[in-house]
Amino acid sequence: MKMIRMIIFILGLALFFSCNNQKEAYDAFYPGQEWKDDNGVHINAHGGGILFYNQTYFWYGQHMVEGRIGNTAQVGVHVYSSKDLYNWKDEGIALSVDSLDANSDIAMGCILERPKVIYNKKTKKFVMWFHLELKGQKYNAARSGVAVADNPTGPFVYVKSMRPNKGVWPINVQEFHKLPVSDTIKTNYCGGPDCLPGHVDSLNILGRDFEHGQMARDMNLFVDDDGKAYHLYSSEENSTLHIAELSDDYLTHSGRYARFFIHRYMEAPTILKTSKGKYYFIASDCTGWAPNAARSAVSDNIFDPWKELGNPSIGPDSLTTFNSQGTFNIPVQGKQDAFIFMADRWVPENPIDGRYIWLPIYFKGDKVRLQWKQKWDLSVFEEE
Ligand code: GAL
């Protein structure tokens with residue numbers, strides 16, 4: 001009898017623990033709430049982007065740590081995987097910063113932001129690009145870093161960093177850009193929207209940086225239907241966006257690029273393409289970690305002039321993009337023209353606690369619209 005009771009007790013205990021261990025699966029998005037991975041830990045992939053490969057979504061983002069130091073790269077790029085976009089499995093660190101060599105471009109303590117990964121069908125490589133600022137140089141380096149892996153979860157191997165399009169003029173260069181740049185322009189430009197009348201075209205930042213390559217900060221990647229990939233980055237002291245085609249292996253720039261949104265200080269650039277072949281662009285203004293009103297634009301071709309469409313957000317908190325800043329537009333697989341606006345609610349004093357704001361993108365007439373939702377799921381894309 002005693003034995004039977006003991007067995008029942010042990011079985012009960014086992015059942016209790018197995019039930020308690022069972023992960024509560026998400027079946028909806030809860031923007032701004034803590035978002036737990038399969039280990040019950042808040043997802044740590046800020047300024048992120050999504051790759052869909054082999055029927056699986058991979059979410060790459062900055063691994064942040066506690067405290068102000070977390071705004072610099074102490075660990076690297078974290079990757080998670082998911083089949084349904086709600087539930088994410090921790091796949092570990094995809095790219096590690098270099099903790100041994102203080103002279104490495106990606107030395108621990110550098111700034112490594114907005115990592116994005118694309119898959120190259122020809123080389124069968126996963127290619128990561130990110131905004132890189134060298135250790136101890138604040139935001140002055142304005143470089144782009146590249147890393148490569150054979151598997152979506154890595155390990156990614158750091159390849160190189162550069163200032164894009166060194167010695168190459170954009171396809172929409174203006175003649176004055178090619179005039180000699182004075183030394184004062186070379187050295188005195190302070191940058192930022194407060195430096196008026198600094199950011200007039202006569203300053204010719206493009207010409208200033210021609211020799212050594214163009215500045216590249218907030219960035220994104222986009223692969224078009226024909227397999228051509230593009231690197232979008234805030235350039236010219238953040239004042240002007242560049243869209244640059246990548247080489248066939250995605251490891252460098254092809255040399256074909258153009259300037260857009262001149263002196264509009266577009267940051268956090270994101271892009272999407274609809275089934276009708278229209279390209280939409282959603283970005284932010286330039287106010288550091290503080291949120292601002294997003295901007296949107298449309299174009300028929302990636303290198304055509306873009307038409308601005310204004311703030312895509314509507315309703316309360318539309319002037320702060322619901323207290324967030326965009327980072328990627330996720331194409332939802334298996335649904336036509338279904339995209340999720342993926343944004344960050346930054347917490348610069350404790351960046352590990354940054355929250356994720358994911359909202360459906362609605363198409364209204366020729367415009368894109370974002371609207372706050374406390375809780376939502378993918379069925380919104382079935383509604384009219
Ligand atoms: C934001 C930018 C972030 C980060 C931050 C630093 O404007 O989008 O990625 O660079 O500035 O202040």
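What share of the contacts in the protein with a separation of 6 or more is accounted for by residues 24 or more positions apart? The share is 52%.

**Figure 1. The whole protein is shown as a predicted model.** The protein has three helices and 22 strands. It is 384 residues in extent, and 53% of these are buried. Residues 24 or more positions apart make 52% of the contacts that have a separation of 6 or more.

Figure 2. Look next at strand 1 and strand 2 (residues 56-63): six bridges join them, and they run antiparallel.

**Figure 3. Gly136 sits in a loop.** The loop runs between strand 6 and strand 7 (143-149). Is Gly136 buried or exposed? Gly136 is exposed, with a relative accessible area of 77%. The cut-off for exposed is over 50%, so a value of 77% counts as exposed. Now find Gly109. Gly136 and Gly109 are 27 residues apart along the chain. Their C-alpha atoms are separated by 7.8 Å.

**Figure 4. Strand 14 is largely enclosed by the rest of the structure.** This strand covers residues 279-284. Why is it described as largely enclosed? Six of its six residues are buried, so the rest of the structure largely encloses it. Follow the side that each residue faces. Tyr279, Phe281 and Ala283 point one way from strand 14. Tyr280, Ile282 and Ser284 point the other way. Residues of both sets are buried.

**Figure 5. Strand 14 has a partner in strand 13 and another in strand 15.** Take strand 13 (residues 267-273) to begin with. Five bridges join it to strand 14, and the two run antiparallel. Lys273 stands opposite Tyr279 in strand 14. Strand 13 and strand 14 form a hairpin, with five residues between them. In the turn, Gly277 has a positive phi of about 85 degrees. Now turn to strand 15 (residues 295-299). Five bridges join strand 14 to strand 15, and these strands run antiparallel. Ala283 has Arg295 as its bridge partner in strand 15.

**Figure 6. The largest pocket holds about 1,000 Å³ of space.** Its lining has 34 residues. Which of them are the closest to its centre? They are Ile118, Phe222, Val223, Asp224 and Pro331. Several strands give two or more residues to the lining: strand 1 (46-53), strand 5, strand 9 (219-223), strand 13 and strand 18 (325-331). Strand 5 gives the largest share, five residues. By class, the lining has 18 nonpolar, seven polar and nine charged residues.

**Figure 7. The second largest pocket holds about 450 Å³ of space.** How many residues line it? There are 19. The closest to its centre are Asp337, Ile361, Tyr362, Phe363 and Lys364. Strand 21 (residues 362-364) gives the most to this lining, with three residues. By class, the lining divides into seven nonpolar, three polar and nine charged residues.

Terms used
Residues numbered from 1 in each chain as written. Predicted model: local features only at pLDDT ≥ 70, side-chain atom pairs only at ≥ 80, totals over all residues. Heavy atoms only, no water. Buried < 20%, exposed > 50% of the residue type's maximum accessible area, 1.4 Å probe, protein only. Helix = DSSP H or I, 4+ residues; strand = E, 2+ residues; numbered from the N terminus. Pairing = 2+ DSSP bridges. 1 Å grid on protein atoms, 1.4 Å probe; cavity = no way out; pocket = protein on both sides within 12 Å on 5 of 7 lines; lining within 4 Å. Points joined across faces, edges and corners; volume = space filled by probe spheres on them. Nonpolar A, V, L, I, M, F, W, Y, C, P; charged D, E, K, R; others polar. Contact = heavy atoms within 4.5 Å.
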